[in-house]
Amino acid sequence: MPIKLPSFRPRKDAYPPDLWTKCPSCSEMLFNKQLEKSDRVCSTCGHHFRLSAAARLEGLLDHGSFIELDAGLQSVDTLGFVDQKSYPDRLAAAQLATGLRDAAVRGFGAIDGRRVSICVMDFGFMGGSMGAVVGEKVTRAAEDALSERVPLVIVSASGGARMQEGTLALMQLAKTCAALERLRAACVPFVSILSDPTTGGVFASYAVLGDVNIAEPNALIGFAGARVTAGTIAQELPPGFQRAEFLFEHGFVDRVVNRRDLRREVALLLHYLVPAAWAGNGAAAESRPGFDPIGFLSSLADKVVPDLGPVEPEPDRSPQPGPTRARKPPPARAAARHGDPEASDG
Ligand SMILES: [Zn+2]
């Protein structure tokens, strides 16, 4: 007769899973309510958890000062992109999970009473990836900062450009940089805050163009992943070379600021960085020479190839046609070169 074993019920969890969060850095179990109170920073080891866009705005701006703009902007699936899921399905799932239309939220707010144009990113929405909507919001935030002469604050949290939008996503790099360049030329300050992670196309465009670039402790900041970077340049890279502290030590970011001090720090910076006075119809914009990429490149080309000289009219085709640059040194220099070894010998 078979022995009947008592059936074991699956043991219930001692507490609901959404009550506690395990710190990935020190493995401490953190009570969620306590974690929210401490701006999602681990009280034991100081690990900075990622923040939603709403929590970021709440933590950075004066209470109740935020006015959202362009809330209705929404991505369209121009390319008909399908990977494991279709792009519209991915968007819908992300919208449902986060309650956002896309990975950035922008508008006006105040920090310590000072009005700012602000744009924050949410990593929870498709990895904070930058498609046309994120690029447009960043650009409009910069343009509003320019027209209203108020500082621009951008908080980045992104894996990079959104692959589902292909070239349209890549075009946002140029677009955002162009808007920021106009801002820089008009002497309107831009404070960029790099949170964990700030990588890919966002790192390669607006995130590192701040007048002051602030990083959160231990934030992952870089262009490509560590393995890809090491493989590309075929070199061993130091441990933690893409972390905020390393980048600070090497001068790439200006400050590493604990989240709990971030608001105070930004307020202090905005106290020092005051937009240049508005001289009407954009006259202030001309007070400082702007960056001229074409001029820069042509002067660089002049330095790199100095011996090209003025273009001489080609003589009629010689028997040995060769590139102009491979011409022989002038006779005097050639003679000196031949003479040198003998002089040193004797
Ligand atoms: Zn911890």
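How does Cys-187 count, with 17 C-beta neighbours inside 10 Å: which of buried, partly exposed or exposed? The legends below concern a predicted model, and the first of them takes up this residue.

**Figure 1. Cys-187 in the loop between H5 and S7.** Cys-187 counts as partly exposed because 17 C-beta neighbours lie inside 10 Å, whereas a buried residue needs 20 or more and an exposed one has 12 or fewer. The phi angle of Cys-187 is near 60°, a positive value in a residue other than glycine.

**Figure 2. Arg-40 in the loop between helix H1 (32-37) and H2.** A positive phi, near 55°, is also found at Arg-40, again a residue other than glycine. Arg-40 is buried, since 20 other C-beta atoms lie within 10 Å.

**Figure 3. S6 between its partners S5 and S7.** S5 and S6 are parallel and are paired over 4 bridges; Val-120 has Val-155 of S6 as its bridge partner. S6 and S7 also run parallel, joined by 6 bridges. Here Val-155 stands opposite Ile-193 of S7. Between S6 and S7 the chain passes through helix H5 (residues 166-185), and this β-α-β crossover is right-handed. A right-handed β-α-β unit is likewise made by S5, helix H4 (residues 132-148) and S6.

**Figure 4. The largest nonpolar core, with 60 residues.** The residues with the most contacts inside this core are Val-120, Met-121, Ala-142, Leu-152, Ile-154 and Leu-183. H4 gives the most to the core, with 8 residues. In soluble globular proteins, nonpolar side chains tend to be buried together. Leaving aside residues up to four places away in sequence, Met-121 touches Ala-53, Ala-103, Ala-104, Gly-128 and Val-134, and also Val-155, Ser-156, Ala-157 and Ser-158.

**Figure 5. Helix H9 (residues 259-272) and its packing.** The 14 residues of H9 reach 20 Å from the first C-alpha to the last, close to the 20 Å expected at 1.5 Å a residue. Its buried residues are Arg-259, Leu-262, Val-266, Leu-269 and Leu-270. They pack against helix H2 (53-60) and against five named strands: S4 (104-111), S5 (114-121), S6 (152-158), S7 (190-199) and S8 (212-215).

**Figure 6. The cis peptide bond from Asp-196 to Pro-197.** Omega of this bond is near -10°. Pro-197 is found in strand S7, the strand that 6 bridges join to S6.

**Figure 7. Exposed sites at His-63 and helix H7 (residues 226-233).** His-63 is found in the loop between H2 and strand S3 (67-69). This residue is exposed, because 7 other C-beta atoms lie within 10 Å. Between His-63 and Asp-112 the C-alpha to C-alpha distance is 9.7 Å, at a sequence separation of 49 residues. Of the 8 residues of H7, the number buried is 0, so the helix lies largely in the open. Ala-234 follows H7 and has a positive phi, near 50°.

**Figure 8. The protein as a setting for the close-up views.** The protein contains 11 helices and 10 strands. Of its 346 residues, 30% are buried. Among contacts with a separation of 6 or more, 67% are between residues 24 or more positions apart.

Key:
Residues are numbered from 1 along each chain as its sequence is written. This is a predicted model: local features need pLDDT of at least 70, side-chain atom pairs count only at pLDDT 80 or more; totals for chains, interfaces and linings use all residues. Helices (H or I, at least four residues) and strands (E, at least two) are DSSP runs, numbered from the N terminus. The expected span of a helix is 1.5 Å times one less than its number of residues. Two residues are in contact if their C-beta atoms, placed from the backbone, lie within 7 Å. Two strands pair if DSSP finds at least two bridges between them. A crossover is right-handed if, with the strands pointing away from the viewer, the path from the first strand over the helix to the second runs clockwise. A nonpolar core is a set of buried Ala, Val, Leu, Ile, Met, Phe, Trp, Tyr and Cys residues joined through C-beta atoms within 7 Å.
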